[in-house]
Amino acid sequence: MKLTRRTVVGGLMGTAALAAPTILRAQQRELVMIGYGNEQDRPLMRAGEELARRHPGTSLTIIGGLSTEALAQIRAARGNSPYDMAVMGSPAIVNALAEDVLEPMDLSMIPNASTIADRFPPLSYGAGCPITFEGIGIAYNMEAIDTPPTTWEELWDPAFAGRVGMCRPQSNLGLGVLAATSEAFGQPQTEMNFALEKWMELDPLVGRSPPLLQQMLERGEIDITPLWHVNTALAAAAGLPIGYVKVQGPGPLMLPSNVVHFVNTADGTRELVHEFADIMLQPELQEFAGGAPFYFGTVVEGVETSEAAAPYVPASEAERAAMSSLAWQEIAPLRGETVETFDRMFAG
């Protein structure tokens with residue numbers, strides 16, 4: 001089926017809600033955004049409500065899950081893209097730039113961009129505007145594991161074999177964990193085959209996405225797994241005995257989430273996308289995103305990490321100084337080949 005704005009919006013049963021969701025307004029000016037598809041969309045929805053208040057007749061529809069098919073549809077849209085913007089991590093930006101589907105964001109059009117901490121914009125590669133960040137660490141069942149690993153290398157304790165979850169590298173999480181694995185054992189981050197062989201030693205149970213890994217941990221199918229700190233916080237907020245370690249060697253690792261603008265969108269969309277990003281950078285929105293239950297990392301100077309968020313987000317001056325990311329521009333182009341190899345090795 002050909003994917004158009006009509007089919008995308010028409011098939012949105014169960015997706016995130018709209019700001020001012022009347023049919024009349026949706027027909028006037030509707031932005032379609034690719035988000036997370038779960039509770040993590042709430043800060044985006046709040047920014048959409050503010051955008052709708054400023055521009056009556058404008059609404060925001062958020063759908064979950066960026067796919068290769070979606071990028072192909074955007075590239076082929078010729079002025080009628082089914083999507084206007086997305087929240088996208090650094091490696092996905094590298095891949096999207098290779099697909100030629102992004103209109104680079106102009107930070108000079110976003111007044112609040114001047115408040116973004118210096119460490120984040122370089123990881124947008126000139127294409128996105130950072131709005132939050134997520135940590136890559138280790139989530140574990142506190143009733144099943146007394147002493148969780150504090151470094152990536154310690155995850156290879158034989159006691160954890162057969163109890164570990166692993167995300168497919170189609171996800172930024174899975175790809176990043178493979179790069180971290182190589183570095184932990186003294187190899188270049190790009191040595192994906194080395195990392196895949198190391199993971200075979202752990203006999204992991206594979207989840208196709210971070211939310212599925214979160215569910216596997218909640219159901220007790222696994223006891224420990226690399227996971228985004230936000231997914232871990234959401235599981236703990238549900239009352240489950242799920243702990244989180246801000247793993248080192250390398251780390252604590254973080255990945256900025258960016259607002260990006262797709263090509264082939266309608267006239268006037270670019271200005272609204274930039275204004276949306278500006279709203280996301282307001283201190284009130286940053287504090288909301290950094291609060292319970294998701295505890296997104298905030299990117300704006302002067303917005304402090306709360307005490308409640310400290311178990312998940314680097315909070316102290318020392319932790320923030322040690323926070324690092326990965327060589328995404330070298331790693332992301334390896335995604336396709338790595339996924340194929342991963343599927344051959346871990347299928348079934």
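This is a predicted model: local features need pLDDT of at least 70, side-chain atom pairs count only at pLDDT 80 or more; totals for chains, interfaces and linings use all residues.
Helices first. H8 takes in residues 210-218 and H9 residues 229-237. The axes of H8 and H9 sit 10 Å apart, and the two helices pack at about 35 degrees. The crossing of H8 past H9 is right-handed. On the H8 side, the residues that meet H9 are Pro-210, Pro-211, Gln-214 and Glu-218; H9 answers with Asn-231, Leu-234 and Ala-235. Sorted by class, that contact comes out as four nonpolar residues, two polar and one charged.

Next, the cores. The largest nonpolar core holds 102 residues, and the members touching the most others are Leu-102, Trp-152, Trp-199, Phe-262, Phe-276 and Leu-281. Take Trp-199: once neighbours within four places in sequence are set aside, its contacts include Leu-155, Trp-156, Val-164, Gly-165 and Met-166. Val-177, Leu-178, Thr-181, Pro-204, Pro-226 and Phe-346 are also in contact with Trp-199. Another core, of six residues, lies apart from the largest one, and Val-230, Phe-288, Ala-289 and Phe-294 are among its members.

Finally, Thr-115. This residue sits in the loop that runs between strand E4 (102-103) and strand E5 (129-141). Thr-115 counts as partly exposed because its relative accessibility is 27%, which falls between the 20% and 50% cut-offs. Beyond its neighbours within four places in sequence, Thr-115 is in contact with Val-299, Val-300 and Glu-301. Pro-283 is 168 residues away from Thr-115 in sequence, yet their C-alpha atoms are 9.7 Å apart in space.

Definitions and conventions:
Residues are numbered from 1 along each chain as its sequence is written. Side-chain values use heavy atoms; hydrogens and water are left out. Axes are lines fitted to C-alpha atoms, for helices over the stretch in contact, and angles run from 0 to 180 degrees between N-to-C directions. Helices (H or I, at least four residues) and strands (E, at least two) are DSSP runs, numbered from the N terminus. A crossing is left-handed if the near helix is turned anticlockwise from the far one by less than a right angle, and right-handed if clockwise. Contact means heavy atoms within 4.5 Å. Ala, Val, Leu, Ile, Met, Phe, Trp, Tyr, Cys and Pro count as nonpolar, Asp, Glu, Lys and Arg as charged, and the others, Gly among them, as polar. A nonpolar core is a set of buried Ala, Val, Leu, Ile, Met, Phe, Trp, Tyr and Cys residues joined through side-chain atoms within 4.5 Å. Buried means under 20% relative accessible area, exposed over 50%, partly exposed in between (1.4 Å probe, protein chains only).
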